[in-house]
Amino acid sequence: MPELAPLSFANGDGPLADISVLELVGEFGSYAGELLSGLGAQVRRLPHPVTANELEAVRQELGEADVLLRSGGADAPEPPQLDPAALRSLHPRLIQAILTPFGSDGPKAGCPSTDLVRLAAGGLLWLGGYPDGEPVAPYGGQSTLCTAIFAVIAVLLAVLQRDHAGVGATIDVSAQEVLIQALETSLPEYELTGKVRRRAGSAPREAGTGLYPCADGYVSMVAGRLGTARAWRRLREWLVEEGVPGAEELFEQRWETLEFRQRPEAIARFAEVFGAFTAIRGKLELYLEAQQRSIALAPVNTPAEVLVDPQLAAREFFRQLPDGTTGEPRTVPSAPYRFWTERDEVVAH
Amino acid sequence: MKDVLRGIRVLDFCWVGAGALVTKLLAEHGAEVIKVESHARPDNLRLSPPYAPGADGLDRSGYFASRNNDKRSFALNMSLPKAQELARELARQCDLVTNNFRPGVMERWGLGYEDVSKTNPSVIYLAMSMQGAYGPHTNYVGFGSTIAALAGLVHLSGQPSREPVGTGTHYPDHIPSPGHALVAVLAAIRRREHTGRGAMIEVSQLEATVNMIAPAIADAARGGEPARNGNRSDLACPSGVFRCRGEDEWCALAVRDEEQWQALDGALDGGRLFDDARFSSPEERRANEGELERAIAELVSDRDRDELAQSLQAVGVPAWPVLSSVDVLEDEQLRERGFWRSLNHPVLGHIDAPAAPFRADGQRTGPVRAAPMLGEHTRELAQELLGLSDAEIDALTAEQVLW
């Protein structure tokens, strides 16, 4: 954005430049530290779990810290000297965020977990997978990342509160509760209609919406619902323009209604017509062509393809940083947000 | 912390997906969120099921209600120049202006960051479009599901032997995009409180989602080929979902170390497993993972899923029933922690809504007031903030400006 200037928080002027963070984390929490550090906080990672020998050092550091990020629960036991309530009374201004699988109290607080088990408890696992098979988890330890994001949100709220009122807070973040934020319409659907939503897989649930195979993989498309009625028309026009056999048929009156497009025969017929078109085209070509027509179609990218995505490349999204442990260069995404300001502010500053 | 954002006024143009969840959490923590839409152009979610049975009109959607609690609704027909003028005046009086439109929409209304910051220099402005505010694909359209595909998450999720399956939802809309946007907004609020300066925050929903698979990106950059691996994990073996007695009843379980493996023995009554040389060490179990999964599947196929999970939890094995939307409403752990809040909505009736997923000093925050009717707060806001008289409001309503 040439007309605006990027705000960089690297030079000690980030919104959290005065905040020092101690990280005592196991599986959870390291992404939280990363996000806080990106906003200018000084983040120190301590070994976890803390051994008796390290206790004194940890206690000293705590005297200086504004925020303590710690993972808790059965998977991350800590010595009794680091009991959250005791630390809090010793350091009333301390903001302590405890990241746990199921929360710090309740009958199941002490249960051990893995990402898969947390996804089961949070209801997200139920919605994933193939209709004819078992529930399948999303890739990549999403429960830990999501919990870290909400921990940072809670920490920032607590920092604002401390700015105003001078007191710290003990924050209890539950991964199970975090995942329930991601259940889409399934809760209101049950409450209003009594229907329990099941996993639907990625196959189309209506003609025009879902995953479709193409020459080199798959594309994902949404055309027809949630305000995309025009895209559904443009999609059919595109197919007619390209002389796809059967495309004219899609302009028959019955294809105008969502009710018809959700019938199995409509889903199958559309997949046949569209499939013949996509079978001889690559996902990138389909993506660029569809988007020229404002149709929400995207390639199902591999990570290697994400690395060469033209938009991300133009925005210089990927960076090379030395790996935290090995020091080898590592390709990492930039921060998930960018801050901008008027140019004159930067000059004046 | 339910009042920590008191005094922050938000002019909210976040419709449909990700953005609405940002302003929802702000509203739940004391911000005054003014949601702008109109009868001429309602938020698409108002037209999306599930609906209250037997109800009609624009206030019957449970989908809309689940994302817009605690906000105030201001009906303003943005296709009319007079409405745009009123919106600009509102923007002048707000601390935060938010939208998740395609780049260009707000600018056409004279509500881009540069327009708003002229009259309101300390404004915090959140723009969270699909792919960011600049770049060759900046105008591309998408949804959570297509962004998950573009970002690599769909390809990586599913069984290795089958097509990719993703999360079964518009996942980026629910946590990756709104969660990251909230982090940025709260940081910008603090910066403003300390320096008096505003900022524009740009969230590309694609970039927010790619951050959720950073290790796979690093792996691919080194020449690796990260791939779908079903429910298996590098950190546990076995790690899987097993069918139990009943229809579509499953239990997730995982074993991270030798101690948990021993505990699994007792709980599954699995002498057959543990005497088996194929499963005698972590390396053997990893090498024979498919057979191990089949053996466990056989042992648990007639167990009650809740009883199985409890017996595993009792001996320290990570396990949980795979909970559906009805199960989570009944889950003991969530209930004991006071997670559900009952809201009363004039059209939908009583609905249980999840609280914010954290507590501060034991205190819950979360939804208090059900989502507004379209235009419910138009009159009071027009009086309060725009200084309009009843007669002026009536006239603007007749002209379908306040509409």
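**Close-ups of a predicted two-chain model**

**View 1. Strand β4 of chain A, tucked inside.** Five of the five residues of strand β4 (residues 67-71) of chain A are buried, so this strand is largely enclosed by the rest of the structure. "Buried" means that 20 or more other C-beta atoms, placed from the backbone, lie within 10 Å of the residue's own. A:Val67, A:Leu69 and A:Ser71 point one way, while A:Leu68 and A:Arg70 point the other way. Strands here are DSSP runs of E with at least two residues, and helices are runs of H or I with at least four, numbered from the N terminus. This is a predicted model, where local features need pLDDT of at least 70, side-chain atom pairs count only at pLDDT 80 or more, and totals for chains, interfaces and linings use all residues. Residues are numbered from 1 along each chain as its sequence is written, and chains are lettered from A and ligands numbered from 1 in the order in which they are written.

**View 2. The neighbours of β4(A).** Strands pair if DSSP finds at least two bridges between them. Strand β2 (residues 20-24) of chain A runs parallel to β4(A), joined by four bridges, and A:Leu24 sits opposite A:Arg70. Strand β5 (residues 95-100) of chain A is also parallel to β4(A), with five bridges; there, A:Gln96 is the bridge partner of A:Leu68.

**View 3. Where the chains pair up.** Strand β6 (residues 169-174) of chain A meets strand β12 (residues 358-360) of chain B, antiparallel, over three bridges. Look for A:Val173, whose bridge partner in β12(B) is B:Phe358.

Definitions and conventions
Buried ≥ 20, exposed ≤ 12 C-beta atoms within 10 Å, placed from the backbone.
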